Amino acid sequence: MNLRPALLTTFASLAIATGAQSAQDPQLAQQGRLLAQSLCADCHTFGGARRSDRPSPDFADVGAMAQTTALSLRVFLRTPHANMPDIILEPAQIDALSAFILDLGGK
Ligand code: HEC
């Protein structure tokens with residue numbers, strides 16, 4: 001018996017399932033937007049109106065960068081970054097913010 005076609009079918013459906021999961025959960029991304037509006041908007045913009053007077057990158061640009069992933073955002077947001085010493089985020093907030101940033105970046 002040749003198992004190959006069955007294996008290929010399994011891999012194909014796994015690939016489809018994984019692809020479907022990589023889109024961000026819209027509810028989580030929406031929570032992230034609300035958090036970002038209250039915690040991050042002093043410095044960051046979220047797509048649309050860019051402000052050249054700010055050193056902080058727009059979240060849509062961050063999300064679109066090839067190296068930005070849920071993991072890289074989780075690592076980055078676990079340690080407060082330049083000039084934002086007082087923002088300590090809960091893991092659930094980090095998940096929501098990274099869903100929002102990736103969603104803005106079209107991932
Ligand atoms: C006081 C200003 C300030 C606030 C508030 C702030 N940031 Fe930033 N952020 C910056 C600056 C400046 C940079 C660019 C320098 C750096 O990477 O540290 C940056 C960079 C980033 C990056 C880019 C990392 C990369 O890979 O280039 C991410 C993601 C980010 N911020 C997320 C957030 C989130 C989420 C919040 C809100 C919870 C937030 N920031 C709040 C100033 C701020």
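Analyst: Happy to! Helices (H or I, at least four residues) and strands (E, at least two) are DSSP runs, numbered from the N terminus. By that rule the protein has five helices and zero strands, and its elements run α-α-α-α-α from the N terminus on.

A word on the source: this is a predicted model, in which local features need pLDDT of at least 70 and side-chain atom pairs count only at pLDDT 80 or more, while totals for chains, interfaces and linings use all residues. Residues are numbered from 1 along each chain as its sequence is written, and side-chain values use heavy atoms, with hydrogens and water left out.

Now find helix H2 (residues 26-39) and helix H5 (residues 91-104), which pack at an angle of about 100° with their axes 7 Å apart. Axes here are lines fitted to C-alpha atoms, for helices over the stretch in contact, and angles run from 0 to 180 degrees between N-to-C directions. H2 and H5 are therefore roughly perpendicular to each other, a label for angles of 65 to 115 degrees.

Which residues make the contact (heavy atoms within 4.5 Å)? From H2 come Leu28, Ala29, Gln31, Gly32, Arg33, Leu35 and Ala36, and from H5 come Gln93, Asp95, Ala96, Leu97, Ala99, Phe100, Asp103 and Leu104. Sorted by type, the residues of this H2–H5 contact are nine nonpolar, three polar and three charged. In this sorting, Ala, Val, Leu, Ile, Met, Phe, Trp, Tyr, Cys and Pro count as nonpolar, Asp, Glu, Lys and Arg as charged, and the others, Gly among them, as polar.

Buried means under 20% relative accessible area, exposed over 50%, and partly exposed in between (1.4 Å probe, protein chains only). Of the 15 residues in this core, Ala36, Phe59 and Leu97 touch the most other members. H2, helix H3 (59-64), helix H4 (70-78) and H5 each give two or more residues to this core, and H5 supplies the largest share, six residues. Leaving out residues up to four places away in sequence, Leu97 touches Gly32, Leu35, Ala36, Cys40, Leu77 and Leu89.

Finally, Leu39 lies in helix H2 and is partly exposed, with a relative accessible area of 32%. Beyond its neighbours within four places in sequence, Leu39 is in contact with Ile87 and Leu89.

Note on methods. Angles under 35 degrees count as roughly parallel, over 145 as roughly antiparallel, 65 to 115 as roughly perpendicular and the rest as oblique. Contact means heavy atoms within 4.5 Å. A nonpolar core is a set of buried Ala, Val, Leu, Ile, Met, Phe, Trp, Tyr and Cys residues joined through side-chain atoms within 4.5 Å.
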